[in-house]
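Visitor: I am new to this structure and would like a short tour. Could you show it to me and then take my questions?

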Amino acid sequence: MDAEKVTQNSETKSHDNNPSDKQQENPDPLPLKVETENPSPPDESQSAEAEIVQQLSTDDGVKTTDDGLVQEDDPNNDEVKVEDCSPLPPDLGKVSEEIDQFISDLSNLKGDNESKPPDVPVFVEQFAVLVEAKIEDYDGGDAPIKWSQLSQEDAMSFLEFVDRISKLLNSLCQFSSEYKYAYSISRVDGVLQRAMSYIEEEFKSILYDYKIPDSDFNSDTSTKPNKETNSSSDTNQDAEQSSVAESAPSEDNKFPGYTEEIVTTMNKLSKALIAGGYEVECCQVYLIARRKALEECLHKLGFEKHSIDDVQKMHWDSLEREITAWIITFKHCTNVLHSSERKLADAVFADQPSIAEKIFSNLSRGMMIQLLNFAEAVAMTKRAAEKLFKFLDIYETLRDLLPLEDKLFVVSYADELKAEATLTRSRLGESMVSIFSELENSIQADSNKTPVPGGAVHPLTRYIMNYLKYVAEYRDTLEQVFREHQMIERADSTTGSDFDCQNPQAQNETLNKLSPFEAHMMKVMDLLDANLEAKSRLYKDTSLSSIFMMNNGRYILQKIKGSPEINGLMGDQWYRKRSSDLRQYHKTYQRETWGKLLQCLNHEGLNVNGKVNKPILKERFKSFNALFDEIHKTQSSWVISDEQLQSELRVSISNMVIPAYRSFLGRFSQTFTPGRQTEKYVKYQPEDIETHIDELFDGNATPWGRKKL
Amino acid sequence: MPMTDNQGSFLNRISIRRNQVSNMENNHEQDIEDLELFQKHVADRFSDLLPNDPPSTTDSPAIDQSPLFSISWFRKLLDVFLCCEAEFKALVLIGRDPVQFSKPPLDRLVPDILERSIKSLDICNAVTHGLELVHHWQKLAQIAVTAFEQKPMGDGQVRRAKKALNTLLTSMMLDDKENNYHAKAAERTWSFGRRSGGGGGGAGNNNKDRTNGTFRSMSWSVAKSWSASKQIQAMASNLVAPRGGEPTGLAVPIYAMGTIFVFVMWALVAAIPCQERTGLLTHLPLPRNLNWGQALIALQDKIAEEWKKKEKKGTTGLLDEMQKMEKVAQNLVDFAENFQFPAEEEKLEEVAEQVAEMAEICRKMEEGLTPLQQQIREVFHRIVRSRAEVLDVLDQIGKMSPPVPY
């Protein structure tokens with residue numbers, strides 16, 4: 001039979017090459033470390049190994065090649081001829097070849113159920129001893145040799161042996177029911193476990209030895225050339241590593257905190273672990289190490305963890321700062337961290353894409369949920385007008401950046417994240433809509449009874465218009481928010497907030513054509529108007545009411561003109577309507593103030609039978625002067641801060657008053673006797689009137705006397 | 001399930017009635033009826049959570065599908081929470097005149113419940129993190145199970161199992177003893193002990209150079225200095241039963257719901273590893289005179305009893321699977337300590353039993369942990385949702401609108 005031949009062959013071989021007696025009598029004085037660092041001719045290594053074996057057999061707790069013990073365990077199984085061969089093979093290379101042959105023989109045997117498996121050849125034990133000795137070299141002392149300290153050759157050959165051990169174990173395990181295989185399986189498995197334990201620890205230690213790249217957005221680390229990374233293969237590694245890690249460039253194609261070389265090593269180690277059946281250990285080690293690294297990253301990016309409870313209690317100033325940090329962190333996560341993390345997982349588990357995917361998703365999911373929790377906590381804070389813009393920023397961040405994650409995640413994770421983010425966004429949306437309707441309510445409710453002196457622009461107008469200017473800059477997002485919220489409202493009939501239809505009849509037609517957001521903007525404007533109108537009634541003087549309305553109306557129009565966003569929102573029609581409203585106030589004002597004055601200059605009733613009625617004329621002049629003085633006195637304390645409006649108004653007053661006055665003067669002034677009488681009644685020349693008109697609306701209650709000519 | 005049927009009809013009843021009858025006067029009697037029904041449901045549901053057979057409590061492995069404090073029991077508990085919460089909302093919010101929320105005693109009780117909601121959210125998050133850790137433990141236990149199931153059982157696999165189990169036990173112990181996720185404990189909690197399985201001569205403690213780095217407060221924690229036990233305490237502190245004859249009946253369900261909040265969160269914290277649990281209350285202010293209070297007290301006594309045991313023994317929490325896992329892990333480590341190849345048949349049979357038990361625990365965790373986590377997330381979202389709805393109602397009262405900040 002084939003198998004028997006193999007066994008015999010190998011036994012003879014091992015006898016040929018393995019003068020065991022000689023070796024045991026000839027302990028080699030060479031220290032172990034030296035041996036490992038320069039792979040040496042067979043005879044030297046043999047003797048070194050002899051020493052190891054001796055050491056091992058006296059080592060407590062570790063069962064190795066105690067022949068006696070084996071015999072005791074299997075007293076009646078002579079087929080396992082462990083006792084008659086030496087455990088000391090001459091050469092690992094040769095034994096390896098034999099092992100490979102054995103593995104392939106066993107695998108050829110596999111399908112054949114009839115055939116009895118061969119006895120375990122002695123070189124299996126020899127191989128176990130040799131590999132074990134190697135592991136002992138690396139992992140034996142108090143300070144195991146770091147993987148990075150191994151020469152590339154040593155590392156390679158170690159992994160080769162481990163791979164062979166894994167394969168050997170797999171082959172043997174096909175016959176695990178064979179009693180005669182039990183010992184060898186246990187033996188090989190024991191060696192494998194040690195190798196795995198060493199590799200696992202090295203894998204872990206390499207994983208933990210990362211460097212968090214400096215915040216990539218403002219780093220200047222990408223200056224060093226890439227090539228340097230690859231040149232370090234066999235020189236002093238420790239120093240090289242750290243300098244390479246430090247110079248890790250920040251391009252997206254870089255691994256997070258590891259050099260490419262290190263990543264290659266990690267890939268080899270993970271491969272060995274998985275091949276050895278230690279996949280769970282490997283994944284857990286990786287997961288935990290990277291979890292820690294990512295946490296550190298978040299911290300370094302400035303994202304601090306706060307409980308939801310704390311966020312509610314935080315001052316807005318501090319919370320604003322946290323939100324800014326959150327946005328930066330979130331951006332960095334989605335733009336850089338996650339893709340590089342994915343890349344790392346893909347590289348380390350290059351041969352196991354499903355593992356890479358799972359691990360990455362697990363890691364990033366935890367991170368994203370944490371980040372989303374913060375956004376959620378913010379959305380839950382007490383609503384206030386000034387928060388709207390930060391809420392919008394968070395909302396936009398979630399909306400724009402989360403889709404970047406889609407391609408990185410397994411579908412199920414991506415869906416979960418999407419669902420979570422959608423929830424968070426809709427909470428933010430609800431908050432924003434509610435902030436908006438609160439704003440509407442508070443405009444409606446604002447009933448400050450103190451009129452602004454001089455009819456100037458009301459602070460409410462300023463506040464609202466500046467607020468709306470910012471709001472309009474977020475137009476598209478707010479459109480979306482209101483649209484989404486409308487849908488939620490419709491779907492969720494149990495909560496009956498009905499801010500949308502408070503004023504159904506009057507505006508229904510126009511509102512229907514508007515988007516929800518436009519409708520809200522309109523509503524805010526209308527509410528503001530209504531409020532201002534109410535406030536204008538606080539002035540006893542109708543003219544001052546008009547001035548107040550003109551001032552505020554003008555301010556509103558100027559703001560709208562100055563912001564293309566609002567302008568676009570409100571539309572030309574609206575603007576024209578407003579302008580004509582303003583003209584209306586202007587007219588009212590002119591009528592109220594100056595109409596009365598002009599009545600004094602009415603020619604009617606002055607001519608009686610072709611002659612001027614002097615007493616009446618005197619009355620007219622007297623009342624004109626008094627009225628004008630009065631107007632000048634009050635209205636120069638009124639305020640029109642918009643210069644253009646001010647001059648428009650003055651010009652229009654002058655145009656209205658001066659020609660009339662001039663003609664009145666021209667027609668009637670000669671009625672008076674020149675000198676005292678004229679001086680008494682004709683107090684002002686037209687030029688004086690003009691000068692005085694130009695003093696109106698200055699907002700300074702100038703003492704009358706000083707300006708008198 | 002009768003529970004859900006029950007609830008469906010209750011919700012329908014309330015919403016139909018509220019929609020039909022707008023006259024509050026006529027509603028009064030029915031209100032009282034609804035209120036009674038709500039309390040009865042609460043009492044029934046929590047009674048259902050008690051073990052069927054009162055005399056034989058914890059030590060009889062009930063044939064019940066979900067033994068006390070098992071993962072599936074906690075899932076039931078959360079179901080109960082969600083059901084009660086839904087009914088509560090229907091009772092208190094649907095069709096009510098919002099104005100009463102601005103009058104005493106509700107003007108004080110409603111903010112309290114909002115505050116409790118917020119604190120509950122943090123607890124949900126903390127517990128979710130805790131479950132991540134339990135997941136990790138399950139993986140470690142799974143390693144041991146796989147290793148022990150290898151045939152023949154050899155040194156290598158036994159060492160492998162021992163290493164995983166030692167890591168598991170150390171992690172459980174650290175988590176409990178240091179009881180806080182900060183500083184170094186967290187990292188050790190979350191990592192594999194180096195060579196704790198003692199493979200080869202290098203089992204010495206040489207991880208100083210390995211776990212280097214300036215590590216601080218890095219696991220998925222809630223926030224620095226956040227403490228589960230303090231939050232529970234704060235939640236329980238203003239839980240006061242309404243005095244008899246309070247004018248509005250709503251004080252009673254609000255009180256009941258508040259109590260349910262505290263109770264459920266407290267039970268979760270006691271069961272699942274959680275940031276800072278030292279000094280967790282063992283006694284909640286529960287009403288003896290109300291029927292649902294009795295059911296809660298019965299459960300509380302069991303939980304408190306277990307928790308005290310836990311504090312004495314230093315186990316990780318009440319979660320049944322976790323406790324069993326710890327015990328079996330200890331047994332398996334003992335076995336592994338004395339293992340020699342080849343093992344005696346007798347011993348192998350013995351250990352096979354333990355391994356089977358561990359495999360069963362792992363299976364239950366594998367099946368149950370993720371759904372439990374998802375359910376906690378559901379509770380989280382529900383609480384957020386309901387809080388928003390309450391705020392909406394308060395908005396309607398109008399008094400909430402702040403002045404324009406000009």
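Visitor: How many helices and strands are there in chain B?
Guide: Helices (H or I, at least four residues) and strands (E, at least two) are DSSP runs, numbered from the N terminus. From that end on, the elements of chain B run α-α-α-α-α-α-α-α-α-α-α. The count is eleven helices and zero strands.

Visitor: Before we go on, what kind of model is this?
Guide: Residues are numbered from 1 along each chain as its sequence is written, while chains are lettered from A and ligands numbered from 1 in the order in which they are written. Local features need pLDDT of at least 70, side-chain atom pairs count only at pLDDT 80 or more, and totals for chains, interfaces and linings use all residues, since this is a predicted model.

Visitor: What percentage of the residues of chain B count as buried?
Guide: A residue is buried if 20 or more other C-beta atoms lie within 10 Å of its own, exposed if 12 or fewer, and partly exposed in between, with C-beta atoms placed from the backbone. Chain B has 406 residues, and the buried part of them is 44%.

Visitor: Which residues is Val269(B) in contact with, leaving aside neighbours within four places in sequence?
Guide: Two residues are in contact if their C-beta atoms, placed from the backbone, lie within 7 Å. With those neighbours left aside, the partners of Val269(B) are Ile123(B), Val127(B), Ala228(B), Ile232(B), Cys274(B), Arg277(B) and Leu280(B).

Visitor: What does UniProt list for residues 252–272 of chain B, and how far apart are the end C-alpha atoms?
Guide: An unreviewed UniProt entry lists "transmembrane region" for this stretch; UniProt positions are given in the numbering used here, feature names are shortened, and annotations may be inferred rather than shown by experiment. In the model, residues 252–272 of chain B are 95% helix and 0% strand, with their end C-alpha atoms separated by 30 Å.

Visitor: Turning to chain A, is Gly455(A) buried or exposed?
Guide: Gly455(A) sits in the loop between helix H19 (411–445) and helix H20 (459–473) of chain A. Not counting residues up to four places away in sequence, Gly455(A) touches several residues, including Tyr539(A), Phe548(A) and Trp638(A). Because Gly455(A) has 28 C-beta neighbours inside 10 Å, this residue counts as buried.

Visitor: And how does Lys622(A) count?
Guide: Lys622(A) has its place in helix H26 of chain A. Its C-alpha atom is 89 Å from that of Ser340(A), 282 residues away in sequence. With 14 C-beta neighbours inside 10 Å, Lys622(A) counts as partly exposed.

Visitor: Which helices do the buried residues of H29(A) pack against?
Guide: In helix H29 (residues 686–693) of chain A, the buried residues are Ile689(A), His692(A) and Ile693(A). They lie on the same side of H29(A) because they cover an arc of only 100° around the axis, the arc being that of the directions from the helix axis to the C-beta atoms. Their packing partners in chain A are helix H26 (614–635) and helix H27 (643–668).
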